[in-house]
Amino acid sequence: MTEITKTALVTGAARGIGLATTGTFLAAGWRVAMIDRDEAALADAARGLDAARAFTCDVSDPDAVTAMMEAVIDWAGRLDALVNNAGVADFGPIEETDFTRWRTVMATNLDGGFLWCQAAIPHLKASRGAIVNIASISGLRASTLRTAYGTSKA
């Protein structure tokens, strides 16, 4: 009997929680599609991780997410877990947070998670997989200078 290698897709995988999550999946014997928009940091993070593959993608771009999901499925053949971790933490007083800064945070932290869920659902239904959306304590209580970030996490 052939054992099936499960596949996880982790956004924001170049550093921090995303990179640590990647390591946890790899240690459990999974393949990991590492997604990040920072190509150089992602390449460094993925170096030497045999069961991982780096995919550069802006999670807030609907066409890029659709194309990247297809690329991940072409590579792995299946998807068993989606970890929506990518996020932008923009700090500053509300009077200095212009609409462009606000939209950048919302596009990544909210729209990105939504887009990846939509793209992943058919594959996760097929594998009976799961979605994990990473949140923040800033979504539960107000944090100084985190107007857009706190709102996006709430």
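Me: Which strand does Asn84 lie in?
Reply: Happy to start there! This is a predicted model in which local features need pLDDT of at least 70 and side-chain atom pairs count only at pLDDT 80 or more, while totals for chains, interfaces and linings use all residues. Residues are numbered from 1 along each chain as its sequence is written, and side-chain values use heavy atoms, leaving out hydrogens and water. With helices (H or I, at least four residues) and strands (E, at least two) taken as DSSP runs numbered from the N terminus, Asn84 belongs to strand 4.

Me: Is Asn84 buried or exposed?
Reply: Buried stands for under 20% relative accessible area, exposed for over 50%, and partly exposed for anything in between (1.4 Å probe, protein chains only). Asn84 has a relative accessible area of 8%, so it counts as buried.

Me: Which side chain makes a polar contact with the side chain of Asn84?
Reply: Asn84 has several partners in contact (heavy atoms within 4.5 Å) beyond its neighbours within four places in sequence, among them Thr11, Trp116 and Ile131. A polar contact needs N or O atoms within 3.5 Å, one able to donate a hydrogen and the other to accept it; residues adjacent in sequence count only if both atoms are side-chain atoms. At 2.8 Å, the side chain that meets this for Asn84 is that of Asn133.

Me: Which residue in strand 2 stands opposite Val10?
Reply: Strand 1 (residues 7–11) and strand 2 (residues 31–36) run parallel and share five bridges. Opposite Val10, strand 2 places Met34.

Me: What pattern does the chain follow along the sequence?
Reply: The chain has five helices and five strands. Of its 154 residues, 44% count as buried. Along the sequence, the pattern reads β-α-β-α-β-α-β-α-β-α.

Note on methods. Two strands pair if DSSP finds at least two bridges between them.
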